[in-house]
Each structure stands twice: as C-alpha cells, then as structure tokens.
Amino acid sequence: MKKILQDLTFAQIEELTLALGEKKFRAKQLFEGLTQGKTIDGITSLSKDFKEKLKAEFENEPIKIRERYLSSDGTEKYLFEYADGNLVEGVLMKYKYGYTQCISTQVGCRMGCKFCASTLNGLIRNLSAGEILSQVLLVNALHKNDVKAGAGKSARAVTNLVLMGSGEPLDNYAEVVKFLRLVSSEDGLGISPRNISLSTCGLVPKMYELASENLPINLTVSLHATEDEERIRVMPVGKAYKIAEILKACDHYFKKTGRRYYFEYTLISGENCDERHAKGLVELLKGKPCHINLIRLNEVKERDLKSIDDKSAYRFLGVLEKGGLSATLRRQIGVDIGGACGQLRASYLEEQPCD
Ligand code: SAH
C-alpha cells in the first residue's frame, strides 16, 4: 500500500510541495482539497504534472464508501473500504446541534469483549491517523450541503466525534493521538477536542498517558460490571486492569484536564443488570465527577447474550438516579440499519466469498 497524504500536517504538505518543485501556494490548494475530502485527481486547481508526481508516491483514493445505509430516523451507516480492501464501519447521527460521527480506529479488535461483533475475528490491523481522518473528511464532504447558510467559512457538517466504532483506540495509541491533533487542527477541520469522545475498555497506562497530552477530549470508559470477576466474564481485558485501577486513572484524568468523565454500561440480561448491580454502581461511583450512559445490548447473532426489556432498563436507571448518580439511558437510533459496532462488517464479510 502506498503512503497517504491525509497522514501529513499542513507543514509537512508544504515541505512536500516545495520538494516536488511546486510553488508554496499550491500546498494550500492541496491541503484544502484534501480537507474537503477530495482525491488527488479531484483537486482541479492543481496541475496534471503535480498530481502525477503525488500519485507516484501517495494513494489517490485512500478510502471509499462501499455501502451507505440510511435509517428512517436520519441516522446513516457506512461501510468504508481502504486501499488494501480492508473494511471498517461508521455511523452518522443527526442532532439539533449538529452531526456526530462514530469512527473506527482499528480493523477488527483484539480485546475480546463477549458482546461485541468487532472482535469476532480478532485484530486485522491498526489504522493510521490519516486513515482515521479520511473517514471524517469523506462523511463531512458528503454532507457539505447540510451546513447552514451563513454559518461561516470554517463551518462543517460533522461537529462532534465519538471514537466508538470498531477497535480499541488506546490500543492504537500513537496514531489515534496523531489523528486527534490533525482533526482538531485549525488548518484542517478544526473540530474542537471538547466535542470529541474517546471510549476505551480501560487500558490504564494509556489512560494516564492520554491525560498528559493536553488534549481536552471527553474520556469514556466501558465498565459493564461492578465487580472484577463479573467484568472479566464479559471483558477479558479486566484481568489486566482492575476496576479500582480504572477509577484511579479516571480521577487522575479529571485532575489533569478538569473534565468530568463518562462510563458506558451495557445492560446484559442475567449478567449485570439486577438491582444488586445498580446499587453496586452507586457505591462505586457516588460523588465522582462522572456521568453514566446506560446502553441496551444490541444483540449480536454470534453471541447468545440478551438485552433487557425497557421496564427493567428504566428501573435500573431509577436506582442510579435515586443514589445521586448522573445517568441516562441511551436512546436507540438507527436500529433498522444494523445494530452495534462490528455487526455490519461481520455480516458483510460473511456474505463475501473468502479467497
Ligand atoms: N473499544 C472501545 C470503543 C469501541 S466500542 C471500548 O471498549 O470502549 C463502543 C461502545 O459500544 C463500548 O462501550 C462497547 O462496550 C459498546 N458495545 C460494543 N458492542 C455492543 C453491543 N453489541 N451492544 C451494546 N453495546 C456494545
């Protein structure tokens, strides 16, 4: 696979442009074209000669949309294909304040969570910073006409990001941090780190490292249990990092960044959603600067785990609220276009003959 231009900062694009014998202002045209989600060929302001030189070294189209699904509630789901044929998925959720895109950081995942479809075939490979960025550039470009008139030159359709697609972001640490800097850079899309949420299964040493990056993103931890033994049953990574260590790392994150943190808690029937668990969560998190997002399990057909009914989910939420926790039960959106992270890719791979 060739290199990709989306991995480069504006300063590096400038250097490259000069090295290829072009005038400096061409760098701006090239960078702007890339930020607008264009292929090298698609940037009409550049000469044919320059484009040929670029294409000799760099991929013309590092990513494309292989499938696009539209939900009746406006949510969109994509299957992206990279230059080497690898597939990842993404979701776009439309809210009043703007569009939130859910992005993937790895092809597959090696964390092995029992309820998750992304991990079914293990980790295939890490995505580079530019490959992750390409997901956002492409989807933002696709919706450029949705930007409200008069919203300003730097306005963009995609305003918020969640790193909750396939992969464990902190298992691809260097590229993910580089991506966060690229996507929030004022030269580029300029998406504020405050509008970006990174979700992790709790890789404690990397959580400490992230706290020192001076990137005020929202940290979310997938908790899914209140005791280590029960957590390990659904999240094997719990063997390496205990809940107490995770909570300490979260507090450290709060001290360093001043940002409250979030927990994801997927409700799985018979595993983690009895009253005892709700009370356990209250004990564990009482007084902490955090918010809890309860998620209904999206049933994955390869796993025999079941979701709980709405009444039980609201009862669970009620116990948390009564205990003084800040918590919400996440609304289900886009259910008609194929479920949880990894499910789309998994079902797609299943349909494709393997060679
Ligand atoms: N690896 C990261 C981010 C990817 S998953 C992490 O573990 O946080 C994003 C969120 O979706 C996580 O909270 C994950 O536990 C949850 N999730 C994965 N599969 C799910 C499913 N089938 N139903 C509901 N939530 C799921």
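1. Helix H9 passes H10 in a right-handed crossing; a crossing is right-handed if the near helix is turned clockwise from the far one by less than a right angle, and left-handed if anticlockwise. The contact, meaning heavy atoms within 4.5 Å, is made by Glu275, His277, Ala278, Lys279, Leu281 and Val282 of H9 together with Phe316, Val319 and Leu320 of H10. By class, there are 6 nonpolar, 1 polar and 2 charged residues in this contact. Here Ala, Val, Leu, Ile, Met, Phe, Trp, Tyr, Cys and Pro count as nonpolar, Asp, Glu, Lys and Arg as charged, and the others, Gly among them, as polar.

2. A word on the source: this is a predicted model, in which local features need pLDDT of at least 70 and side-chain atom pairs count only at pLDDT 80 or more, while totals for chains, interfaces and linings use all residues. Residues are numbered from 1 along each chain as its sequence is written, and side-chain values use heavy atoms, with hydrogens and water left out.

3. Angles under 35 degrees count as roughly parallel, over 145 as roughly antiparallel, 65 to 115 as roughly perpendicular and the rest as oblique. Axes are lines fitted to C-alpha atoms, for helices over the stretch in contact, and angles run from 0 to 180 degrees between N-to-C directions. Helices are DSSP runs (H or I, at least four residues), numbered from the N terminus.

4. Next, H4 (residues 129-142) and H5 (residues 173-184) pack at about 45°, with axes 8 Å apart. That angle makes H4 oblique to H5. Ala129, Ile132, Leu133 and Val136 in H4 meet Glu175, Val176, Lys178, Phe179, Leu182 and Val183 in H5. This contact has 8 nonpolar, no polar and 2 charged residues.

5. Do look at H1 (residues 10-19) and H2 (residues 24-35) too: their axes come within 8 Å and cross at roughly 130°. H1 is thus oblique to H2, and the crossing is right-handed. Among the residues making the contact are Phe10 and Ile13 of H1 and Leu30 and Phe31 of H2.

6. Finally, the domains. The chain is divided into domain 1 (5-55) and domain 2 (63-351), with bounds from an automatic or database domain assignment. Their centres, taken over C-alpha atoms, are separated by 33 Å. The area buried between them is about 830 Å², with carbon and sulfur atoms giving 59%; buried area is the accessible area (1.4 Å probe) that two parts lose on being put together, summed over both. In domain 1, Gln6, Asp7 and Thr35 lose the most area to domain 2, together 60% of what that side buries.

Conventions: Helices (H or I, at least four residues) and strands (E, at least two) are DSSP runs, numbered from the N terminus.
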